[in-house]
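Take a look at this protein chain. The report below walks through its confidence, layout, sheets and core.

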Amino acid sequence: DVELAGLSKRSLERAKKDFALQTADTIGGQNPMSEASDIEASMEPHEWVLDVETTPWLLDHCPTYTNPALPMMSILDALAEAGKRAAPTKNVLGLEDISLKRWVIAGEPRRLRTEIEAIEGRPGASHAKLSMWWEAPNPKMSRFDEVASGTIIMGTDHLAAPEMLDPVHGTPEMNPYASGRLFHGPAFQELEEYLLGAQGAQGKL
């Protein structure tokens, strides 16, 4: 299972706007991040093109310091949006059993697709999958290969916020971006300060 916590409201809103642009439907110009009242429920596969020309912030996410790659949180957002398209009047309550199989390297435009299927006997739960088009030397072998998959939980009510973790006592560390400890470029530099201790780490966004 994957838990998502600790993001500031500003970060969440910016991420939502950024990925709204990124996942804009290139066929007809429909934006999958539209308000629920503007979209109809759809279990059909959804395709779009990921391109740094329209999402330049991806250039600030180069884990190998060479090619940009789609952040895992953006991959999870794509799966969650598949759930939202299937049930536009409901909220995304959680993601379970997430499996990530490969990077989405975005040095060149990539054709992506999400698919979703209801899980029998489990109301509100669906299996979602994100795939990337692979152009094979033999055209007959070209296909969509799975990037990630998981279970999306939809419902009418939001779950209660988790309890705050106990404070970590430790030593303040240098700016991780200036020191090179983290690879993130300016678009991802949200961490203002952090400290490390025997029980873990704590930071301020």
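The mean pLDDT of the chain is 83, and 80% of its residues reach 70 or more. Residues 1-12 have a pLDDT below 50, with 15 contacts beyond near neighbours in sequence. Where pLDDT is low, predicted coordinates should not be read in detail.

This is a predicted model, in which local features need pLDDT of at least 70 and side-chain atom pairs count only at pLDDT 80 or more, while totals for chains, interfaces and linings use all residues. Residues are numbered from 1 along each chain as its sequence is written, and side-chain values use heavy atoms, with hydrogens and water left out.

**Layout**

The chain has 3 helices and 8 strands. These are DSSP runs, numbered from the N terminus: helices are H or I with at least four residues, strands are E with at least two. From the N terminus on, the order is α-β-α-β-β-β-β-β-α-β-β. Of the 205 residues, 36% count as buried. Buried means under 20% relative accessible area, exposed means over 50%, and partly exposed lies in between (1.4 Å probe, protein chains only). Among contacts with a separation of 6 or more, 63% join residues 24 or more positions apart.

**Strands and sheets**

Strands of a sheet pair through backbone hydrogen bonds, either parallel or antiparallel. Here, two strands pair if DSSP finds at least two bridges between them.

| Strand pair | Bridges | Residues standing opposite |
|---|---|---|
| β2 and β5 | 7 bridges | L95 and I152 |
| β4 and β5 | 10 bridges | W133 and F144 |
| β7 and β8 | 5 bridges | E193 and K204 |

Is β5 enclosed or open? It is largely enclosed by the rest of the structure, because 12 of its 13 residues are buried.

An open sheet of 3 strands has the order β6-β7-β8, with antiparallel pairing. Its edge strands are β6 (170-172) and β8 (200-204), and each pairs on one side only. Neighbouring strands of this sheet are turned by 25° against each other on average, direction ignored. The angle is taken between axes, which are lines fitted to C-alpha atoms (for helices, over the stretch in contact); angles run from 0 to 180 degrees between N-to-C directions.

**The core**

A nonpolar core is a set of buried Ala, Val, Leu, Ile, Met, Phe, Trp, Tyr and Cys residues joined through side-chain atoms within 4.5 Å. Which residues touch the most other members of the largest one? They are V104 and L112, in a core of 26 residues. The elements that give it two or more residues are β1 (46-50), α2 (72-86), β2 (91-100), β3 (110-118), β4 (125-134) and β5 (143-155). The largest share, 6 residues, comes from α2. Beyond its neighbours within four places in sequence, V104 is in contact with L50, P68, A69, L70, I75, L112, M132 and V147.

**Two backbone exceptions**

Most residues other than glycine have a negative phi. Y65, in the loop between β1 and α2, has a positive phi near 65°. Y65 counts as exposed, at 56% relative accessibility. D97 lies in strand β2, and its phi is also positive, near 50°. D97 is exposed, with a relative accessible area of 51%.

Definitions and conventions
Contact = heavy atoms within 4.5 Å. pLDDT = per-residue confidence, 0-100.
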